[in-house]
Every structure is written in C-alpha cells, then in structure tokens.
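Dear colleague,

I am handing over the structure we spoke about, and I would be grateful if you could read the notes below beside it. The sequence and the coordinates come first, and what was found in them follows.

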Amino acid sequence: MTESGAPARRPVLGSRFRWLWSSSVASNAGDGVTRTLLPLLVVASHPQPLVVAGLTAVNMLPWLLFALPAGVLADRHDRRRILLFSNVTRAAALLAAVGAFAAGTSLAVLFVLSFVLGIAETLAETAAPAMLPDIVASEHLEHANGRLFAPQVILNEMAGPPLAGLLVGVGATLALATGGALYGLAAVLLLGLAGVKAAPRTAPPPGTSAARSMWQDLRTGVSFVLTRAALTRTLAASALYGLVYSATFSMLVLLAYRTLHLHATGYGLLLTVGSLGSIAGTWLAPRLSRRLPTLVMAQWSLILSGAAYVGLGLAGGVVAAGAAIFCNGVFMMSWNIPVLSLRQRFAPPELQGRVMSVSRLCSWGTMPIGAALGGLLARSTSVTTVFVSSGAVLILGSVALLAPLRQDVLTGERPEASRVPRQHTDTERGEHDRGTV
C-alpha cells in the first residue's frame, strides 16, 4: 500500500532490463554448471586435496589481481560490450576445452581454463551492476537487483550442481559444450541491450602514459569511496560479512556431519534450505526497502544474520538448524540488495564501475582469510565455537560500523563535481540525482 492508501503498483523495469535479466539467467546457468564441473573433472584425474584447492584459488585469483582495473575498464568503455566480451570469452574457452579433451587433456588445461573463466567473471560482475542504473529508474533499483539475485541463487546453488553432475556422468565434452552454449546464449541476448550509453569520461591530460592513466583512475575511484562515510562503512561491513560467511561456510559440512549427524544427502538438503531462504529474501528485501530506511534495514539484517549464525551453531537438531540457515539466507539478501542499490544510487555514472570493483574486492577478497581463520579456530576450540563467535562478531561489528551513520548522510553526501578530480571525470552536468536514497 502507498501512503495514500492505494495499492502499490509493481515497478515497470522496461524491455532493456528484460534483456539483461534473460542474459543473466543464461550466464548464471553457465556459472552453475562450470563451478561444479571443473572440480569434478580435476577430482576424476587428480583427487589430491591440494590440487582441488589450487583450482579454486586459481579461479578466485583474478578478483585479487584485476578487480580494481576491471572497475576502471567498466568506467572507460561501453559496459554492454564488456559483458558481451566476457560471455563470448567464456563460451570460446569452454568450447576450446572440448577440443582439448577430445585430444587428451592435461591438468594444466583445466587450471588455465579456470583462470580465464575467473578473469571473464571479474569483468562481467563489475560491468553488470555498474550498468543497471542506466537501465532502470533509481527508485526501482532494489526491485531490479532482487530480480537479478533470484536466478543467481537458483541456478548457481540449486540447479547448476546436480545438472553438472548429470552431464559429467554422460561425458566431459558434453558438459563443457553445455556450459559454452549457455554463455553463448547469454552473449546473444545482450544484443537486445543496444542503445545503453557508455559511461561519460574525459580524456587524460596529453602525454599521460597508459599505466599512469590507469593508476590515476584507480586513485580517483578509491578516493571517492574513502571520502564518503556511507560507502566506507558499508564496504567495511561487507568485508566483515565476507570473513564471517567464509569462516562458517567452510565449517558447515563438519557441523552437519559431527553435530547434526547428517550425511551427504542431508548436507545437500541443508544447503538447499539455505538457498530457499535466499530466494525468499530476494522477494522480501525490495518490499521492505519501500517501508524501512536503507541504513536501518541494512544494520538489522546484519544483526539478525549474526543471530542466525549463533543459532545455527547452538542448534541441537536438524529442524532448528534448518530454521536458522533459512533465516540467514533471508537476512543475507536483505543486506545485499539494499546496500548494492545504495552504492549504485550513490555513485555518479562515470564512477559506477570503480565503486562496484572496490565493493567486490572488499566482500570477496576477505573470504579466503575467513576460511583459514575458521579452520584454525575450529582446530583450537570447536566447530560450534566458530559459528557462535562469528555470529557475535558480526552483531558487534555491524553496530560499531553502521550505528554512527544517520539516514540523512545518504541525502547529504551527494557526489558533487568538486569532490572528483577534473582530469578524470566530468561531473559538472548536474546529473547527480543518484545521491538521494
């Protein structure tokens, strides 16, 4: 219901969003297949733990190496073309792997494939959210992000893994070709997005080298984030959430086996329950965002997520654990969707890519550290302690980081032109309505 008492109308996101959504569905289906497929192919020939862990590390390495440069590229070039390039690259890499497998592949090919897919994903996951504010109206960002998150959860976490298992059972070449075809379909669907403007950007001063120009653009983006409390504190909270999430998720299988006495099927069902909670969160979060201030919703989502981690650690049975992991999925999306929308709305068009890249670096870059800390804490204490202490840290950290912010800081800190160096961007056109949340 609106303030006048009339029924609230469903936001109209437009045909360009439908093309983006359709392409996202296809690429997420490809992600769901390949992220399960590659470890299965490695395990089949080299079942050593270090080899499997190395494959995951190689796939995530581009986020540490190229996240910030990817943001600069997304701000310099047409973001639709970056997405198109990313999907075409992934399709070509997987189809080339089909030929390599037919000729008898080696472990090195799988590692190279994993690294190439990681680079392409870094570009795509930076350009896509940076492009969204150019496609939908500012007031509909939460609804649009919720629509994009839902297929990501369904296809990456629920449908993709079993499909990959079935395809590998038939043959590795079929599985690789299926992933390549899905990315190819995602690229074709992006052709419907013609007409989305590239981000405005002025040329660097004459005589500036390419390396220096890249470095200056990186400094501009990071400086923009560090001089705005709303961005800095929410990014710090995202980094903390990444630590907590990876610390607990790395130990979830041990909690399931040792404490809840589940086996492989039961553990898979527990993960499915958490995914269902995330799907529910993609539906609930946009609706709550219309009724609650952004910072209030963000802070309470982190607090309740921390409480859910504590509850999961203390759960004495499967039902309580299932309820806790379901609720955590809801709260996770109730944090992700409004905070991502805040960043999209807060950054000017020509800095969207760099703000998104800093965001990804903060939230995903801490995950390997969190996983290591979770393992060390579990070895020195217990698995239960990992969940309880992680939940408590998330509760206290969210209060410390977000409580000092007031909602009016979001409307008071508009991205004015005087705060962005002139040699990198031109923000004097007055197009800064995205600063209002």
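Predicted model: local features only at pLDDT ≥ 70, side-chain atom pairs only at ≥ 80, totals over all residues.

How many disulfides does a search of the whole structure find? The search finds 0, a disulfide being a pair of cysteine sulfur atoms within 2.5 Å.

Residues are numbered from 1 along each chain as its sequence is written, and side-chain values use heavy atoms, with hydrogens and water left out.

Overall fold

The protein chain has 15 helices and 0 strands, both taken as DSSP runs numbered from the N terminus (helices H or I, at least four residues; strands E, at least two). Of its 437 residues, 49% are buried. Among contacts (heavy atoms within 4.5 Å) with a separation of 6 or more, 85% are between residues 24 or more positions apart.

Helix 5 (residues 141-170) has 30 residues and reaches 41 Å from its first C-alpha to its last, close to the 44 Å expected, where the expected span is 1.5 Å times one less than the number of residues. Helix 5 has a kink of about 50 degrees at G160, shortly before the proline P161; the bend is the angle between axes fitted to the seven residues ending at a residue and the seven starting there.

Nonpolar cores

A nonpolar core is a set of buried Ala, Val, Leu, Ile, Met, Phe, Trp, Tyr and Cys residues joined through side-chain atoms within 4.5 Å. The largest one has 50 residues, and L252, L270, W335 and F387 have the most contacts inside it. Several helices each supply at least two residues of this core, among them helix 5, helix 8 (229-259), helix 10 and helix 14 (383-402), but the largest share, 11 residues, comes from helix 11. Leaving aside residues up to four places away in sequence, F387 touches T248, M251, L252, L255, Y309, V310, L312 and G313. A second, separate core of 24 residues includes A97, V98, L167 and A175.

Individual residues

R345 lies in helix 11 and counts as buried at 4% relative accessibility. Its side chain makes a polar contact with the side chain of E142 at 3.0 Å; such a contact is a pair of N or O atoms within 3.5 Å, where within protein one must be able to donate a hydrogen and the other to accept it, and residues adjacent in sequence count only if both atoms are side-chain atoms.

H261, in the loop between helix 8 and helix 9, has a positive phi of about 55 degrees although it is not a glycine, and at 61% relative accessibility H261 counts as exposed.

With kind regards

Methods:
Buried < 20%, exposed > 50% of the residue type's maximum accessible area, 1.4 Å probe, protein only.
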